[in-house]
Amino acid sequence: MAEDILVRAEGLCKYFKVGGGRTLHAVENVNLYIRRGETLGLVGESGCGKSTLGRTMMGIYAPTKGKLIYDGQEMNLKNRNDRFKFAKKAQIVFQDPYASLDSRMTVGSIIEEGMIIHNMYDAEKRKERVARLLDIVGLNSEHASRFPHEFSGGQRQRIGIARALAIEPEFIVCDEPISALDVSIQAQVINLLHELQERMNLTYLFIAHDLNIVKYISDRIAVMYLGSVMELADSDELYQNTLHPYSKALLSAVPIPDPELETTKKRQIISGDVPSPINKPKGCPFSSRCPEVCDKCHGNVPELKEVKPGHFVACHLV
């Protein structure tokens, strides 16, 4: 239902000017929504625009075209004051848990900074909240006086999560939050995010490469290629009834934890390289690599259509 939708992108585009008067089309005409309290997984190859879409949907980048609607209200992210107000509702957990933390600030100062900027609480209350947030993410209050370099990668990511939670947001973009961590630590961070979502009714856009993890944590999954959403469906539906040729190839690459099945499964290999987002192919973005390409694919950009309840596909063949 419409009243359950927290974030909606309508025709969202983000372009960047590059040398020689050229334009890089990082995000192209994206239409999707995220319901309140759910996790939308976003997958695709490196360079397909996942992080740019995430940063545009939480206000770091202002859209070049299109609308971002939050809780029924269109956000004017080109206006600095509106972007500042939106920052209190939407936060981000970055990929690199070291580069995203200021090495000259203590952990307590890092977590407290957002509360100071948004004029939340007095000094004593902020100190109490920092201690409570550290406890929530599995650290302790003594860590507040330490610096980021004194922690492991997993602990630093917990600090990043505590910082994102500090100003009580509703919507969090998780931009590949586990890709720089060891496998055992990845599971701890994923379980922490899941626990926090249930406790605080958070809404996530979860960006990742690992399709098994995305399936585990996501309610719905969007598959992105060259700045466009190719397929969008419930997590189980996407895995059991994959329709877009690119999604099929992507999912066929997911390892199966059974040696016999892994050696006998059929991989769908995609030939060629991802085209440049500066010089995109005409028609379907995937037409230059698609094994099922037809003449229509080269002429018209396929619309993301609902082919069955809740299952959207951008393909002329479906």
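Predicted model: local features only at pLDDT ≥ 70, side-chain atom pairs only at ≥ 80, totals over all residues.
Reader: Let's begin inside the protein. Which residues of the largest nonpolar core touch the most other members?

Author: That core has 55 residues, and Ile111, Ile161, Leu193, Leu196 and Phe206 touch the most other members.

Reader: Could we look at one of them? What is isoleucine 161 in contact with, leaving aside its neighbours within four places in sequence?

Author: Isoleucine 161 is in contact with Val93, Val137, Val189, Leu192, Leu193 and Leu196. There is also a second, separate core of 31 residues, which includes Met58, Ala62, Ile92 and Val229.

Reader: Now for strands. How should I think about their side chains?

Author: In a regular strand, side chains alternate between the two faces of the sheet.

Reader: Which strands pair with β8?

Author: One is β3, residues 39–43, which runs parallel to β8 and is joined to it by four bridges. In that pairing, threonine 39 stands opposite tyrosine 204. Another is β7, residues 171–175, which pairs with β8 in the parallel sense over five bridges. There, valine 173 stands opposite leucine 205.

Reader: Through which helix does the chain cross from β7 to β8?

Author: The chain passes through helix α6, residues 183–200, and this β-α-β crossover is right-handed.

Reader: Is glutamate 176 buried or exposed?

Author: Glutamate 176 counts as buried, because its relative accessibility is 6% and the cut-off for buried is under 20%.

Reader: Where is asparagine 201 found, and what is its phi?

Author: Asparagine 201 is in the loop between α6 and β8, and its phi is near 55°, again a positive value in a residue other than glycine. Asparagine 201 is partly exposed, with a relative accessible area of 48%.

Reader: Last topic: aromatic rings. How do I describe a pair?

Author: Use the distance of the centres and the angle of the planes. The count here comes to five aromatic pairs. One of them joins tyrosine 70 and phenylalanine 86, with 5.2 Å centre to centre and 75° between the planes, so by the cut-off of over 60 degrees the pair is edge-to-face.

Reader: Where do those two residues lie?

Author: Tyrosine 70 lies in strand β4, residues 65–70, and phenylalanine 86 in helix α2, residues 80–87, so the pair ties together parts that are 16 residues apart in sequence. Tyrosine 70 is buried at 2% relative accessible area, and phenylalanine 86 is buried at 1%.

Reader: Which residues do ring pairs link into a cluster?

Author: Those are Tyr225, Tyr246 and Phe286.

Reader: Which ring does the charged end of lysine 125 sit over?

Author: The ring of tyrosine 121, 5.8 Å from its centre. Likewise, the charged end of lysine 215 sits over the ring of tyrosine 239, 5.4 Å from its centre.

Notes
Residues numbered from 1 in each chain as written. Heavy atoms only, no water. Core = buried A, V, L, I, M, F, W, Y, C linked by side-chain atoms within 4.5 Å. Buried < 20%, exposed > 50% of the residue type's maximum accessible area, 1.4 Å probe, protein only. Contact = heavy atoms within 4.5 Å. Pairing = 2+ DSSP bridges. Right-handed = clockwise from strand over helix to strand, strands pointing away. Phe/Tyr/Trp six-rings, centres within 6.5 Å; stacked < 30°, edge-to-face > 60°. Lys NZ or Arg CZ within 6 Å of the ring centre and 35° of its normal.
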